[in-house]
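Here is a short report for a reader new to this structure. Have the sequence and the model at hand while reading.

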Amino acid sequence: MKAVLTPIDETTQLTVGKSYPVRCAKMKDGSLIPILGKKHADPELGVVGEHYHIDGRFFLPKSVTEKYQIDDEGRTNVILCADEVDIDWNCIVELVVKQKKCVRLTTGVNPPSREATSIWAHLKGLKYYKWYDKFLGKEVNENICPHLGTKMIEHDGVLVCPLHNLKACKKAKIIIK
Ligand code: FES
């Protein structure tokens with residue numbers, strides 16, 4: 001009988017170079033993309049469809065990182081659609097657990113800059129930071145993000161949520177800019 005793998009959870013301390021059982025989205029093109037957090041929609045950020053975010057801490061072939069626009073820090077703004085939409089290239093077929101090698105400890109999204117100068121980036125930033133600033137000063141208990149309860153990851157001495165990049169002061173445990 002095939003053993004059932006229990007996937008890591010958000011509290012697992014990862015070591016680069018080690019392999020772990022990870023929740024993956026099997027995509028229409030057959031690729032297995034590690035995911036993190038729960039399925040959700042972000043209507044306030046303009047994403048009404050339910051989706052998962054990519055966990056860029058695990059190894060993926062170059063063709064896949066290029067397709068899903070995962071950068072050298074494991075960050076991407078591509079989301080994986082959980083709603084069945086036949087024509088979407090980034091639509092999930094099923095969720096599986098697979099052994100994946102940890103290649104870095106960073107992941108998350110690339111939010112627009114607060115100081116964006118181009119019109120398009122500025123407009124994107126306005127919506128994002130209007131949403132972000134509603135969380136300023138909110139408490140962060142046990143490193144859990146006050147948005148959707150995702151475990152925040154420590155990066156350069158700051159707690160950062162890998163889903164939508166809310167940041168918290170590690171000492172004061174509150175959301176900061
Ligand atoms: S779950 Fe959205 S920023 Fe943390």
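## Around D42

D42 touches V47, H51, H53, H147 and H164, leaving aside residues up to four places away in sequence. The model is predicted. D42 belongs to strand β2, which covers residues 32–42.

The cut-off for a salt bridge is 4 Å, from a side-chain nitrogen of Lys or Arg to a carboxyl oxygen of Asp or Glu. V47 is the bridge partner of D42 in β3. H53 has its own bridge partner, I79, in β4.

## The five-stranded sheet

Five strands make up an open sheet. Their order is β4-β3-β2-β1-β5, and the pairing is antiparallel. Which strands sit at the edges? They are β4 (79–81) and β5 (92–101), and each of them pairs on one side only. From one strand to the next, the twist averages 45°.

Now go through the pairs. Strand β1 spans residues 19–27 and pairs with β2 over three bridges, in the antiparallel sense. K26 has L32 as its bridge partner in β2. Next come β2 and β3, an antiparallel pair with four bridges. D42 and V47 are bridge partners here. The strands β3 and β4 also run antiparallel, and three bridges join them. In this pair, the partner of H53 in β4 is I79.

The strands β2 and β3 form a hairpin with four residues between them.

Two other residues have a positive phi without being glycines. Q69 has a value of about 50° and is not a glycine. Q69 lies in the loop between α1 and β4. Q69 counts as exposed, at 55% relative accessibility. K173 is not a glycine either, and its positive phi is about 55°. K173 sits in the loop between β8 (167–169) and β9 (175–176). With a relative accessible area of 30%, K173 is partly exposed.

## Salt bridges

Side chains of opposite charge can pair when their charged atoms come close. How many salt bridges does a search of the whole structure find? The search finds nine.

Take K26 and E94. Their side chains meet in a salt bridge, at 3.9 Å from N to O. K26 lies in strand β1 and E94 in strand β5, so this pair ties together parts that are 68 residues apart in sequence. K26 is partly exposed, with a relative accessible area of 32%. E94 is also partly exposed, with 38%. K26 is also the residue whose bridge partner in β2 is L32.

E44 forms a salt bridge with K134. Their closest N and O atoms are 2.4 Å apart. Why does this pair tie together parts that are 90 residues apart in sequence? E44 lies in the loop between β2 and β3 (47–54), while K134 lies in the loop between α2 (119–132) and β6 (153–155). E44 counts as partly exposed, at 46% relative accessibility.

K62 and E66 form a salt bridge, and their closest N and O atoms are 3.0 Å apart. K62 and E66 are four residues apart in helix α1 (residues 62–67), so about one helical turn separates them. K62 is exposed, and E66 is exposed too.

## The annotated span

What does UniProt list for residues 142–164? An unreviewed UniProt entry gives "domain: Rieske" for these residues. The end C-alpha atoms of the span 142–164 lie 18 Å apart. The span is 26% strand and 0% helix.

Note on methods. Residues are numbered from 1 along each chain as its sequence is written. This is a predicted model: local features need pLDDT of at least 70, side-chain atom pairs count only at pLDDT 80 or more; totals for chains, interfaces and linings use all residues. Side-chain values use heavy atoms; hydrogens and water are left out. Contact means heavy atoms within 4.5 Å. UniProt positions are given in the numbering used here, feature names are shortened, and annotations may be inferred rather than shown by experiment. Two strands pair if DSSP finds at least two bridges between them. Axes are lines fitted to C-alpha atoms, for helices over the stretch in contact, and angles run from 0 to 180 degrees between N-to-C directions. Buried means under 20% relative accessible area, exposed over 50%, partly exposed in between (1.4 Å probe, protein chains only).
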